[in-house]
Amino acid sequence: MKWAIKPFFFLILIHLMFGDCKSTSPVVIQKEDKLNQTLKEPKQNLPLTKELRLTYHAVWVNKENFELKESTSLFGTGNQYKILFSETNEFTWLRLSSTDRENQSQFRYFFKDETQNPEVSYFVWGPKKCSVQVYHMPEGEFYLRWEGIHNGFLLVFESSTKKTDSPKELAKSFHNLILGSLEVY
């Protein structure tokens, strides 16, 4: 008889502990309703990407939002990005690239014209120098290419504009755009 009493006390104990518990289904429904509401809400315009790593020692940190269109690895040692700015910007797109010294001779530029001598401007970039080349493209556009070397990596920034300033002025404004967002360590 003693063996029959122990299970009986065990059942009473369980009933006392869990007998007053209520169903949890309303809580689950509330959680599901909240989830459905958040899924149905229109997507907000979240801030777009603001930082792109070119090399271990060079990062593009733009002061305003931009849209990342392409991201590619170059030769396994560098990176390449194509970004779009707002239409109100002087330069609506920018291609950022980096590669090591071994692959600099194989670098593929966005625009290359062997028959044209570009307007070249040199600027001081920290303790180094960099260059900005300005090419005339068809339909009155100018192609700009900023190049500098940092810690053994070639950094290249390319864009185009329909602005009609002189090539020297375009080169200066492009250089200022790059310096305003490029952080090197």
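Which residues touch the most other members of the largest nonpolar core? I started my notebook with that one. Of the 27 residues in this core, I found Trp60, Leu94, Trp146, Phe157, Phe174 and Leu182 touching the most other members. By nonpolar core I mean a set of buried Ala, Val, Leu, Ile, Met, Phe, Trp, Tyr and Cys residues joined through side-chain atoms within 4.5 Å. Helix 3, residues 167–181, gives the most to this core, with 5 residues.

**Ground rules**

I am looking at a predicted model, where local features need pLDDT of at least 70, side-chain atom pairs count only at pLDDT 80 or more, and totals for chains, interfaces and linings use all residues. Residues are numbered from 1 along each chain as its sequence is written, and side-chain values use heavy atoms, with hydrogens and water left out.

**Entry: the whole chain**

I counted 3 helices and 10 strands in the protein chain. Both are DSSP runs numbered from the N terminus: helices are H or I with at least four residues, strands are E with at least two. From the N terminus on, the order reads α-α-β-β-β-β-β-β-β-β-β-α-β.

Next I looked up burial. Of the 185 residues in the protein chain, 36% are buried; that term means under 20% relative accessible area, while exposed means over 50% and partly exposed lies in between (1.4 Å probe, protein chains only). The protein chain exposes about 12600 Å², and carbon and sulfur atoms supply 56% of that area. Accessible areas come from the Shrake-Rupley method with a 1.4 Å probe, and for residues only the protein chains shown count as cover.

I also checked contacts, meaning heavy atoms within 4.5 Å. Among those in the protein chain with a separation of 6 or more, 48% are between residues 24 or more positions apart.

In what order do the strands of the open sheet of 7 run? I read 3-4-5-9-8-7-6, with antiparallel pairing. Two strands pair if DSSP finds at least two bridges between them. Strand 3 (67–74) and strand 6 (119–125) are the edge strands, each pairing on one side only. The twist averages 15° from one strand to the next.

Strand 3 and strand 4 (residues 78–84) run antiparallel and are joined by 7 bridges. Leu74 stands opposite Gly78 in strand 4.

Strand 1 is joined to strand 2 by 4 bridges, and Leu52 stands opposite Trp60 in strand 2.

**Entry: helix 3**

**Entry: aromatic pairs**

Rings of Phe, Tyr and Trp (its six-membered ring) pair if their centres lie within 6.5 Å; planes under 30 degrees apart count as stacked, over 60 as edge-to-face and the rest as tilted. I count 5 aromatic pairs by this rule.

The rings of Trp60 and Phe157 have centres 5.5 Å apart and planes at 40°, so I logged the pair as tilted. This pair links Trp60 in strand 2 (residues 58–61) with Phe157 in strand 9, 97 residues apart. Trp60 counts as buried because its relative accessibility is 0%, and Phe157 counts as buried at 0% too.

The rings of Trp125 and Trp146 have centres 5.0 Å apart and planes at 80°, so that pair is edge-to-face. Trp125 is in strand 6 and Trp146 in strand 8, 21 residues apart. Both Trp125 and Trp146 are buried. Ring pairs link Trp60, Trp125, Trp146 and Phe157 into a cluster.

**Entry: what Phe157 touches**

Leaving out residues up to four places away in sequence, Phe157 has a list of partners including Leu54, Trp60, Leu94, Trp146, Phe174, Ile178 and Leu182.

Most residues other than glycine have a negative phi. Asn151 has a positive phi of about 50° although it is not a glycine. I found Asn151 in the loop between strand 8 and strand 9, partly exposed with a relative accessible area of 45%.

Terms used:
Axes are lines fitted to C-alpha atoms, for helices over the stretch in contact, and angles run from 0 to 180 degrees between N-to-C directions.
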